[in-house]
Amino acid sequence: METVPQKFRQDNNKKAEAFTIFHNNEAQTSDKLCLFAGYSFTGEVADYVLYYLDAISKEGYKIAYISTSNIKEACIEKLKETCFLIIEKENAGLDFASWQCGLKQCNWGQDYKHILIANDSVFGPFLPLGPIILTMNKRYDMWGMTDNYDIAYHIQSYFVHFSEKVIKSSVWLIFWQGMETEGVSKEEIIRRFEVGLSVKMSEARFNIGVHTSIDTLIKSSGGGNNQISPPLVYWQSLIKKFSFPFLKRELLISTTISKAYWSKHIYINTNNWRRVVAQESDYPVKLIDEFLQKHFQHTGSTNHRLKTKQRKIIFVCESVQDSDSQRVLLSFLEWVKREKSLPFEIIISSKKVSNELTDQLLTLGLVTFFGGLSGVEKNELKERLSAESVGLVFSNAIENVEVQQYLDFLSVPQVVYAHASLFDGATSPLTEASKSWVKENATRIIVATRSLKERINLHFGKNWDEIELIPAFTDEPNELNEEHSLPAHHYLSGIRKDIFFVGICNSLSERMSAELIPALIAMLCKENKSIHIIWLGVDASHSLFETLDNNLYKAGVHDQVHFVSSNRAGAQIFNSLHVFLLPSNDVSLSLINLKLGLRGVPFVCFENSEWASEYLEAGMGKAVPYLDLNGMVKAVLFYYQNRDHLQSEKDRIAAITRKNYLTDIQAPRLWDLLEPHYDESEVVPDNSPVVAILVHIFYDDTWKELKFKLNFFKDKNAQFLFSISEACLIKEDLVKDIRTSFKNAYILTTANIGKDIGGKFALIDFYLSLELESDYIIFLHDKQSPHSLIGEEWKNNLQKIIEYKNYNQILRTFEQDQKVGIVGAKEHLISEYDNTNHTFLNNNDKIHEFLRRYNISITNYEFFGGTMYWVRTSIIRTFFMKHNPMEIRSELEAGNVLDNHGSTNAHTWERVLSWVASGQGYRLQGI
Amino acid sequence: MFFSYTFLLKSFYENEFIPESFSTAAGTKLSIIIPVSSDLGKYKKKYLEKLNAATFNFAFALTPSGSNLTTQSLNVGWNAISTFFFLPNYIKKGGSYLLIVDEVLPNQQMLVNQAERHLHKQGIFPISKNYLNVAEQPANQVNEYCYFHNLVSSQASPSTDHYSRLFADMVADKALNKQIIVVVEGEEDFNRQKEFIINFEQWVYENQRFYIELFLAYKRNNDNLLEIKNENKKLKFRIDNYNDYLLLLRKTAKWHVDEYHRIHREKDMLSQRSNVPGFDRNENYASSRYNYDTEIQKELESVKASREAILDWYKKEYELLPLWYKRFGHVIKVMMGKRSFKSLYR
């Protein structure tokens, strides 16, 4: 039967209310009525809603669907399958007006014994509703799913069921018939009707209750606030522990959900919702996925800010000391970046140290040195992370517990990958409190050695059944292609090519090294002058070094020993070694061993060397009884005398190492262990302002620092536009690096006209031509003022606008005062205007000319010197749509121009660009 | 491939055809030439996006679809399309931009000059004024970087004689090391040209091996020469760049030295005053004197630190200069009598 929509103008007390009935199948009979309020963002009734309606219908309810948005014809047909009445009404009065409208069409429910009011604000049901309805009906006259004490005790209105006793009461009729929503605010509707409904029914002595009360939840979870919305805060425990059938839609589409109760110190994390729903029910999660995809697509098309992003992973790194655990983490992070493209940031437990490892980590992402943070800074970090949608914390040491405890507020899984064997002594590196935190909260422990697993279980007095072993891994070295016969290092050059090199790694800090190793060397080298020792990792400033040197001299083997500090132990050294000796049990040398393993170098160690057992089992080396120096010497001499055997071992060992210990082998295994705790397919909406960052680069030695600072913006809604001066000596390398580091960045290599101003005008033209949309533009350049002694200070001040700790403050400044047009460094907010004679200290003639030419009329001549600041995009757009930036650029001076000898267009524009904002009625704000 | 080929896309705005990757000599990227058109300004977003994300190199040509250059094509709004020249994959040689201009009629010369002036203002200096003449067939045209021969784009089915003539002309025109311009209509035409190029290269390999070896050796040398030229340019840039700064620095340094002496003089004067009989030596004076001395001391230290900063900066910048430049500097000092000749050998 074809639907003939019936249009109504229903006279209410004051104003006519319009609604359309699309479908009304009076033939359906049931004593159960469901009034379902819906609103579709896209005009389509989502499949998850149809699923919900079907579930209600299966419980014998006649459904009246009242929509406050336009419904497409195709959707009406779908709705007809479950709904007897389909109404489209104006979007006013929230759900209560919809239910009222539906009730009125159904004789105020007087023909029914059960009435359910519900809406499309939840996904579900994850369980059949029948048993819940049956049980709850027996207990209560009016019941819902959850309650709270916000304003007053009330049942939350997304699902409320009424019995005949209530329906037939005068309170019912008075409530619904007297409901007036016209012109009433949202807050007032909630107060009067959502809260008011429960209050009125309680006052009428009806028995009211809920499926899972907030009191029960608080008791169960240890929380203390009963004025929050339980399906938001306790969504996970509701589903997991209380067989709760719904998940609030708001949790997944709101961009601010994580901080909905931040003022009450409650952080909501929806991490892993897909897995929770899938594990606890047979609900088709794809219905939610499809809805979210369409929803974000739709809202994204009308709101340029709205994007979706994957959840961030926080990697906690013990320090930036060059050790196995740090190197393995670095390899893993590089792999994650390469293979997964997930957002992540790094928190280092220790204080800031500038070294090679720090630089490598900074290249990968934002790095925070937790050890150096003050209390205030820690709070700021918490504030920032609370808006980052974190999905997982991964720590590379159990000793990172302080940082992990700090991150506890995020309520995300925390996985520890332990390397170091700090648990070998009787003393614990952790306090009792930390120990107990790890015991209770570490979601998963992964270890790099088998013995560490036993020690950890012993140490914590807990048997982590799921402790998995992922051995240390390393990357395939590029330098493997080099000739193996290359001299180890320049100071080894001149040594005969037939020398047999034996490597030893010891820093002299280990016990017995100064005595035992020289003895071992003497035994090896005295009789065999073709055997040379390369001693890696030695510290020449160590107090024992002189004794050691003397001992070797006395033993007559001094000339056969070459000391190499660990940081110089590069590929060429590794390539030249034939055998590697490990005369110590208490050193973790996994990575050196792996690097040598990739080159096929066998190792000889003592039996029961804790770290070596896995490698021995794999067949990468030999073990002799503890302190059996003779045995060790014999093992080396065996290789020395059987070069053919050594050669065949080389290929075999290299193959074993490559097969088992490369990053590409172990990193995916490690990822598989994280995978149950981090769902790559989950996305979260991000509505943060879009910032276009326009950067001009001129110098050849400033990029690294700038890049590290800009890394922060990669996880934000940011567009990167770079102008590299043609005059930059490394422009080709920069273009390459920018393309690698900033995906989708737009790059220009601009001719050296007008210094940074010329670059910025070209970028403005590029930005406008590409029709990019952003809320703010940040102007930056690689400031260097070598002629000024405080040039470095200038640069740091100017660039504080891209310090991540200032990001929120800058946004707040703009959002709180719509008249703020530009935000920059307060130290550079200056005025050169002399009020008495109306002149400017510098570029006076040109400034007057430009102000006239571009019709800029202002009274405050403050400007941001240095042209680095945030500016509202609308200001730039308004001005430069009228005045072509490339036309302006064509008037700028060429080369590296200074304004010491007179006015220049470039320097005049440095000032006028700020006044473009002032001229539009905005003001400049320094931070 | 022995030679480098650049494809001039005659019908770029009609069919938007861009050839797939085509590896030419020395593994260089595919390069194309796009005729300049007012469409570039009109659909700037589309073409900027297309060319920004491209894996090929490109250059512009003032050659309107193979026909003669028109006045219209010269009035494209050069400022508006200047941004295209700044895309990193625009073909440049030693900082100059490749711009091909086809057959300029006398009455159009003024417009071409105007276009050049516009580009100059944006810092865009075309490589050569010795422009090509693609339209004027069958003459072979050459400039410093590009070479066009109508035999390459000839529709005739190629023969050995065809290849032989082409190669002989290339040698005669000294074109072996230049970008060979191949005019392409669309995909079908490109495939035909591609086949021609492959066959031509094969013919060269089989029949002109000695020439090719000689050519490759020449190319290597030429590349080295270019590299040296480039290095020289970079150095010149650095010297030019810091010249002004050094002047300023000298001024600043002088001010610091004067300040240093002034403070010293003031300090001496104060200490002499304190020795004058009857001079108030009460405690307040002692205290204020102490503070004043401390302040002067601080100022002195700050000036000293500044001086060191200047020296550090100078040393750093000086370090960056190549050794031969520094040596050259010493030679000049000798010539100026500021240094002995012998000292150069110490």
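**Reading helix faces and buried residues**

User: Where is Glu187(A) placed?

Analyst: Glu187(A) sits in helix H7 (residues 186–203) of chain A; helices (H or I, at least four residues) and strands (E, at least two) are DSSP runs, numbered from the N terminus. This is a predicted model, in which local features need pLDDT of at least 70 and side-chain atom pairs count only at pLDDT 80 or more, while totals for chains, interfaces and linings use all residues. Residues are numbered from 1 along each chain as its sequence is written, chains are lettered from A and ligands numbered from 1 in the order written, and side-chain values use heavy atoms, without hydrogens and water.

User: Is Glu187(A) buried or exposed?

Analyst: Buried means under 20% relative accessible area, exposed over 50%, partly exposed in between (1.4 Å probe, protein chains only). Glu187(A) has 56%, so Glu187(A) is exposed.

User: How do I read the faces of a helix?

Analyst: An α-helix has 3.6 residues a turn, so residues three or four places apart point the same way. In H13(A), the buried residues are Leu287(A), Ile288(A), Phe291(A), Leu292(A), His295(A), Phe296(A) and Thr299(A). They lie on the same side of H13(A) because they cover an arc of only 150° around the axis, taken from the directions from the helix axis to the C-beta atoms.

User: Which exposed residues does the face of H13(A) turned away from its buried side carry?

Analyst: That face carries Lys286(A), Gln293(A), Gln297(A) and Ser301(A).

User: What covers the buried residues of H13(A)?

Analyst: The cover includes helix H1 (47–58) and strand E28 (683–686) of chain A, where contact means heavy atoms within 4.5 Å.
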